Amino acid sequence: MPPFLRNPAGGSRMIRFEGVTKRYPRTGAALADVSFHLRKGEFAFLTGPSGAGKTTVLQLAHMHTVPDEGRVRVSRFSSDSMRRKDVPQLRRRVGYVFQDFRLLERLTASENVAFALEATGASRRKMRQKVQQLLGHVGLAAKAQSHPSELSGGERQRVAIARALATDPLVLLADEPTGNLDRRAADGVFELLRRINDLGMAVLFATHDAELLHRHRDVRVLELEHGSLVYDSAGEEAST
Amino acid sequence: MRALREAMASLRRAPLLGVLSMTSIGFSLFILGLFGLTAYNIDLALSHVEEQVQVVAYLRDGTGESRVDVARKEVVSFPEVSGVRYISKVEALHDASQELTEFSDVFSNLEVNPLPASLEVSLKPGYRNPDAVRRVAERLRSYDFVDDVRYGRDWVERIFSLRRIAGAASLILGGAFALVAVMLVGTAVRMAILARSEEIAIMQTIGATEGYIRRPYLLEGLMTGLAGGLLAFGLTWGTWRLVDASFLKVSWMPDVWIVAGIAGAALLGMLSAGRAVRKELRGLYDL
């Protein structure tokens, strides 16, 4: 079992949105009364057109922001009782992958992964072992010393995924991880995330890639429109 | 270790900014150092003048020596008093003829000694202020054989107002320069944070603590402040050597002032960096 799955959380619900409303001062409501949950080890697509509120859902689950109404619960953390000093602990339990990779260009692939380990207090020895293991897991052991500029888009996203796994998260939030990739690279990244999910990690995959959704109809779909959850293929708790 | 590495890397990445803020702090503190040197020398001169503060009680003619002796013992026991010297009429005349040589003929032809005997009361350091001097004078006046008490009230008060002005000026100028230094270090740190905003965002995403993120900047502020403090020390010392050797004898400040100044500069650098980091990191969470 990979190290990031050694401490699965208790309880079956990894992420819970309970009547969540979020408003931004300039743009108004981003989410309106959204309720759903993601179980431990579950894989779900979060879809909807641009501006539907996908990123807001991910940011709320990552406690980058808090709801104006309702409650977000992630593992043992809850938005209504969360303190500022608890945020780093939560973030180590919730990996985040961005559309634009957000790798540090001056660092190599292995250094980018090591950066996450160092920032969360891993020892040098543990860092060396784990970097190798993670890069091996995402199929980039041979490119450990390459800088991001020397890697393809798909490879960069794999490094970003390896970095997100460095803190042994229980759930992975992916914000349009295939949005900047060609079809082949996108499929490769999707398959990697499925493999990670098969090992027991919950994945919430935000995308508006219709083809990807069509080809993987077995995956649960949560669809947002104008900030409301309009469809949940699992048939649970859709707010409208 | 990581914090030190990052702080050094940050200074290396923007050396001009680092040198600029260090130099600015150095020059601000240099002016403060010059002011400290001046204030210290004013203080030394004032302390010297203060040592001369005395209360003189002139005694009525015919006061018996035994009464004066008892009074002298009582006055010595006053908490403000460090010593009492009895000047007899004869000694007073002798002293006056020594000090006022141009009147030596007048003094030598006197049939009756017109000068009174007196008690010269010196005060302990810390009691050479107008209130204490007035208190001692009042108590001396209460003796029936004391005819008059003099203590140069005006100049005692002038010395103290001078000292108060010097103290207030040090505080105001010191505060102003410290504020400039805080703003400079803050700006340098804020620019360093902006230059590394991408890294900071990644660190926050992966769950680095705020302490971990802050440490390199605090260290950078500390190093900049320390370097500025050392530069200010060098400039102040050089100026002192030049002035002391060429046209005005001035005393160098006590070591403890120097150590406190340099440590204060380092602390100031760190605190202003801390303030800047806190400001920049605030608002990243809604929590």
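Me: Two strands pair if DSSP finds at least two bridges between them; over how many bridges do β4(A) and β5(A) pair?
Reply: This is a predicted model, in which local features need pLDDT of at least 70, side-chain atom pairs count only at pLDDT 80 or more, and totals for chains, interfaces and linings use all residues. Side-chain values use heavy atoms, without hydrogens and water, residues are numbered from 1 along each chain as its sequence is written, and chains are lettered from A and ligands numbered from 1 in the order in which they are written. Strands (E, at least two residues) and helices (H or I, at least four) are DSSP runs, numbered from the N terminus. Strand β4(A), residues 69–74, pairs with β5(A) in the antiparallel sense, over 2 bridges.

Me: Which strands lie at the edges of the open sheet in chain A?
Reply: The order of the 4 strands is β2-β1-β4-β5, with antiparallel pairing. Pairing on one side only marks the edge strands of chain A, β2 (28–39) and β5 (77–78).

Me: What angle does the direction of α1(A) make with that of β1(A)?
Reply: Helix α1(A), residues 54–61, packs on the sheet and touches β1 (13–24), β2 and β4 of chain A; contact means heavy atoms within 4.5 Å. Its direction and that of β1(A) make about 120°.

Me: How far apart are the axes of α9(B) and α10(B)?
Reply: Axes are lines fitted to C-alpha atoms, for helices over the stretch in contact, with angles from 0 to 180 degrees between N-to-C directions. Helices α9(B), residues 210–246, and α10(B), residues 255–281, pack at about 145°. Among the contact residues are Gly221(B) and Gly225(B) of α9(B), and Ala266(B) and Gly269(B) of α10(B). The axes are separated by 7 Å.

How values were computed. Pairing = 2+ DSSP bridges.
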